Amino acid sequence: MDRSALAAHLRTKVQLQQQLDYVYAPTGILGFDSQTGGVPRGAITEICGPASSGKTTFLHALMANLCAKGEFCAVVDATDSFDPVSAATAGTDLRQLLWVRCSRVEEAIRSADLLVHSGGWGLIVLDLSDVKPEMMRKVPVSYWYRFKRAVENSPATFLVLGLEPYAKNCAAMSLELQPGKAVWSGAHRDFQLLRGMDLDVIPRRPVRSHVRVHLHSRAC
Amino acid sequence: MYACIYIPGLADAQIPALRECADAFSPNVEYSEEWAVIDIRGLSKLYGPPESIGKAIAQRVAGLGARVGVAANPHAAVAAARGFSGLTVIPPGEEGSALSTLPLDLLAPEQEMRETLESWGIRTFADLAALPETGIAERLGTAGVRLRRMACGAEQRPLIRDKDEFVFEAGMELDHCVELLEPLLFVLSRLLNDICGALSTQSLAANELELLLNLEDGREFTRTICLPFATRDAQTFLKLLQYDLAAHPPNAPIVAVHLRAIPVQPRVVQGGLFVPLAPQPEKLELTLARITALVGEGNAGSPELIDTHRPGAFQLTRFSAPETKSPQSITCAEPRLAIRIYRPPLPAKVLALEGRPQRVNALGVNGSVAVYAGPWRTSGDWMTPQPWSYDEWDVALESGGVYRLRRQPPNEWFVEGNYD
């Protein structure tokens, strides 16, 4: 075995060991939990994808499940896009939710840092879904290492939503959501109703999982 | 031994004088509407026998029109002061004979018992004391037995003192004006340590702290810190004051500082092995204060849906970790589709054919409409200054993305959100 192959082999082994050490929090989505077990606690999970790929739907399902278990969730909303009505419809107990409405990326990152270090949360979400990638590229990589360090000895799940992967190697799980087809009902073009959307979840990290998870979300 | 100072028809203006006289002899005093009973045990070394103590008290209250009674128990002392004029000292063991001629009304029996005793011809302490205790117990119950013992001068009880009113305040006039936050915090830290120490000695805590700053220009600057929980941790209060003053500075030099804590019973928390994780109240409060300093007042909290027909109406309330219910689990094969809201909605130029959107141009949202659904017409609050009325459309663009559009009169289009 040459050096590069040995390095790749060892890297995979280390990642495998790290994955085995995590405790996973079920998202409440049957198709996803049966394939992956959920999202890891004490680690960063990154969900990236374009608009209408299902990131927020995924987030609301996870939040509803954790709130039902009695845990507290915090959403740091970098662009003030969170819809409490959608969250309540998905089953989230809004009394167990802290919503931080930010107007700048810097406020969002500092608020998330404060929450991660305060402890006691089951889920901390840094929602950067509507932030332009060129703005996020100005954020130093060290910030993500700081988040990783802060969360790794806690039972909290740190979830990052974005258009691109930002945490990269600092994330224990990285999911790419690809926009699926919207499902409409109604025979005539002028009398249609949005029924839901197909979601395509591709786990990019951990490397060992090459399964695509197909989900169908249901509109209200 | 106990001494009673009785002032018939005690006026409000005489109360401070009565209290001063009583407190001069003992801290253990019981007050009532017209009398004060003093515990004079231990005063013999200062004043001598009970007669001397009684004379000293009578001298002290001279001019108030008071009567003084000294006896071995509070009831006998009160009866002696109320029944006889001047100073009455009853040696221990002679209460029954000394009080025998006093009328029964001084014992203040209940109306029904008074009528019963009067019907039996019982008029004085001696008449009641002469009755057998067993017979009284059978006919009048324990209340009757107690009344008889009081008539005999044998009923013992402890004094019921007024609850001391503790005031948890601290203040300081500064030698020099303070303009910066850091030196002010140094002063506040010292005052908070005093207040929290006082709270600790009384086994109390505080959930509200009032800060009053006297400014150089004569104004008063006040801030109030309210907590959803009670604590007596000076550091927590100091940090909260620091964040609050940083966000709301007085804008003038400070010449005096005054702090006041509102005392409450400390919270009792029963932990459990299987209780879900929750933020610690003190840490949570500090974290929320720091986040509020970052994002501004009113931008961090729990969303609460408002019961109104206006779509998406909500308000932010203060976040406090509620008591959680028993853990459950929500699983679903099909998660509910969520929408992300643009605040404010994005102004859009929409090419519409017969009122149906065909093409959308907005910031970051551009493309031809592949599928549309709508319109859903909604309106409300017509009688208020802020009515709303608009049509909503769900559209899928050929370039990708499913959005919600809004058209409001006269013909303004907005992108309200995107389904994600």
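Predicted model: local features only at pLDDT ≥ 70, side-chain atom pairs only at ≥ 80, totals over all residues.
Residues are numbered from 1 along each chain, and chains are lettered from A in the order in which they are written. Local features need pLDDT of at least 70 and side-chain atom pairs count only at pLDDT 80 or more, while totals for interfaces use all residues.

**The interface of chains A and B**

In this model, 71 residues of chain A touch 62 residues of chain B, where contact means heavy atoms within 4.5 Å. The table gives further values for this interface.

| Item between chain A and chain B | Value |
|---|---|
| Buried area | about 5,900 Å² |
| Share of that area from carbon and sulfur atoms | 60% |
| Salt bridges | 4 salt bridges |

Buried area is the accessible area (1.4 Å probe) that two parts lose on being put together, summed over both. A salt bridge is a side-chain nitrogen of Lys or Arg within 4 Å of a carboxyl oxygen of Asp or Glu. K55(A) forms a salt bridge with D420(B), with the closest N and O atoms 3.8 Å apart. On the side of chain A that touches chain B, α3(A) gives the largest share, 9 residues.

**A helix pair in chain B**

Helix α10 (residues 234-247) and helix α11 (residues 281-295) of chain B have axes that come within 9 Å and cross at roughly 10°. Helices are DSSP runs (H or I, at least four residues), and axes are lines fitted to C-alpha atoms over the stretch in contact, with angles from 0 to 180 degrees between N-to-C directions. α10(B) and α11(B) are therefore roughly parallel, a term for angles under 35 degrees. Residues in this contact include L240(B) of α10(B) and L286(B) of α11(B).

How values were computed: Heavy atoms only, no water. Helix = DSSP H or I, 4+ residues; strand = E, 2+ residues; numbered from the N terminus. Parallel < 35°, antiparallel > 145°, perpendicular 65-115°, else oblique.
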